[in-house]
Amino acid sequence: MSIDWTEYSTGNFYDELIADDHVAREPATRLVNYLGSMSTAEINKRKKMAESTIQEMGVSFTVYTEEGNIDRAWPFDIIPRTISATHWEKTAKGLKQRLKALNMFINDLYHDQNILNDGIIPADLVLKSKNFRPECVGVTPPHGVWANICGTDLVRDIDGQFYVLEDNLRVPSGVSYMLENREITKRVLPELFSEDSILPVNNYPAHLFDMLASLSPRDIPQPEIVVLTPGIFNSAYFEHAFLAQQMGAELVEGSDLVVEDDDCVYMKTISGLDRVDVIYRRIDDEFLDPEIFREDSMLGVPGLMRAWKAGNVALANAPGAGVADDKVIYAYVPAIIRYYLNEEPLLPNVETFLCSDPEQRQYVLDNLDKLVVKPANESGGYGMLVGPHSTKKEQEQFAELIIKSPRNYIGQPTLSLSTAPTLIGSTPEPRHLDLRPFILQGKKLYVTTGGLTRVAMKKGSLVVNSSQGGGSKDTWIVEEKD
């Protein structure tokens with residue numbers, strides 16, 4: 001037995017690999033034909049190979065539960081998702097446009113606030129955001145860039161068009177899994193990499209290092225770059241260690257750093273103190289510096305904000321960047337692009353209803369059974385209501401939350417998220433998925449070749465987060481043949 005693609009049903013969704021007539025889409029032709037030639041035994045063999053590779057490489061993530069923290073092997077599906085290089089080139093331009101405008105927006109907020117004064121965005125929505133940091137007013141980070149690393153979540157609707165679902169500008173994670181997914185797939189399906197049509201992703205750590213180096217306050221050949229982690233119990237610790245190792249940077253915790261009287265940051269080493277130029281921080285703003293934010297933080301470095309404000313160390317992402325990582329601000333991004341760049345957005349937003357607006361709030365309350373309702377500042381798929389999959393009681397609870405704190409909620413239509421064939425046993429079944437490409441901005445802009453594809457492994461589910469049962473697969477950007 002082998003895969004019979006005529007038995008694969010795409011339903012009423014856009015499928016990434018298979019068109020409605022059971023024929024492979026052009027970027028997936030070689031992959032689909034190859035999988036169709038494999039026996040069930042061979043497919044199962046490749047699946048086991050992927051599982052053993054994940055264990056061998058130690059690719060894991062942490063799930064927080066009431067019983068404690070659980071380390072789990074990375075959930076992976078061996079059938080890649082394919083996208084044409086031509087389509088991706090247009091998408092990458094849209095991602096660069098978006099991050100460039102968002103950084104101009106953040107810089108404006110902490111300086112002249114022209115966009116607020118001109119009435120493009122209501123001032124209260126920004127200045128009362130929990131991620132607006134008054135402590136950052138007047139600071140200009142290197143190149144005027146606040147969000148140096150962005151993970152933008154994209155989804156495809158039934159029309160095959162990519163839509164931006166949200167921008168992750170604080171401490172975006174997942175890029176290490178994008179890189180590991182490729183390494184796993186190369187071992188499992190090596191035959192399909194014999195041609196150069198699948199564009200590489202392994203240059204990301206080099207681009208990340210170069211971007212971070214471009215932020216250094218000292219003009220020296222080899223600036224000291226460190227990755228600041230909360231520690232081994234953090235759910236993304238695997239990624240922190242992986243990226244530090246790939247860049248040749250030091251992995252440090254807050255207790256490894258000290259700010260001296262000269263307002264410079266130093267790393268403690270066995271040979272004394274070494275000055276640090278750039279910190280790629282993987283901890284949230286409120287834990288960065290107990291002198292400024294949470295006094296009880298054991299994760300940060302006392303005096304770090306002082307050193308940053310003095311221009312003696314660069315922080316990526318900069319404190320305060322999260323003001324644009326807000327699902328309410330998200331609704332204004334098309335207007336932000338037009339305001340700062342005088343350009344039309346290249347990537348559309350998902351239609352969004354702001355509960356802070358009385359008319360839009362009423363629409364959301366009247367349609368809770370049809371909409372997805374999200375809190376403004378949560379991540380990981382937590383605290384949201386998926387209307388069509390919710391109970392009457394859950395809808396009533398959310399109505400109370402919205403009425404109590406309208407600014408904190410948005411509503412969006414339930415999208416017909418695209419699907420891709422995913423092995424359930426040894427049979428491919430459609431599962432919904434999204435895509436998180438990563439965009440870097442320092443002196444230059446860079447977009448990954450594809451991104452992290454996350455898959456809702458449960459049939460019919462739209463929740464792709466690994467912490468809630470989601471999985472992942474490799475993402476291939478495929479160059480078309482002449």
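Predicted model: local features only at pLDDT ≥ 70, side-chain atom pairs only at ≥ 80, totals over all residues.
**The open sheet**

Start with β13, β16, β14 and β15, coloured in that order. These 4 strands form an open sheet with antiparallel pairing. Its edge strands are β13 (353–354) and β15 (385–386), each of which pairs on one side only.

Now select β16, residues 409–413, together with β13. The two strands run antiparallel to one another and share 2 bridges.

To find one place where they meet, select Leu371, whose bridge partner in β16 is Pro413. How covered is β16? Of its 5 residues, 4 are buried, so the strand counts as mostly covered.

**Aromatic rings**

Next, show the side chains of Phe, Tyr and Trp. The model holds 12 aromatic pairs. Go to Tyr177 and Phe238: the ring centres are 5.7 Å apart and the planes meet at 20°, so this pair is stacked. Tyr177 belongs to helix α6 (residues 175–188) and Phe238 to helix α8 (residues 237–247), so the pair links parts of the chain that are 61 residues apart. Both Tyr177 and Phe238 are buried.

Then select Tyr110, Phe132, Trp146 and Trp308 together. Ring pairs join these residues into a cluster.

**Arginines over rings**

Two further selections each put an arginine with a ring. Pick Arg25 and Tyr14: Arg25 lies over the face of Tyr14, 4.0 Å from the ring centre. Pick Arg133 and Phe293: here Arg133 lies over the face of the Phe293 ring, at 5.6 Å from its centre.

**Thr448**

For the last stop, select Thr448. Where is Thr448 placed? It sits in the loop between β20 (445–447) and β21 (452–455). Is Thr448 buried or exposed? Its relative accessibility is 1%, and because buried means under 20%, Thr448 counts as buried.

Show the backbone of Gly450 as well. The side chain of Thr448 reaches the backbone oxygen of Gly450 at 2.9 Å. Finally, display Trp88, Met178, Tyr204, Pro437 and Phe438. Thr448 is in contact with these residues, when its neighbours within four places in sequence are left aside.

Key: Residues numbered from 1 in each chain as written. Heavy atoms only, no water. Buried < 20%, exposed > 50% of the residue type's maximum accessible area, 1.4 Å probe, protein only. Polar contact = N/O pair within 3.5 Å; in protein donor to acceptor, adjacent residues only side chain to side chain. Contact = heavy atoms within 4.5 Å. Pairing = 2+ DSSP bridges. Phe/Tyr/Trp six-rings, centres within 6.5 Å; stacked < 30°, edge-to-face > 60°. Lys NZ or Arg CZ within 6 Å of the ring centre and 35° of its normal.
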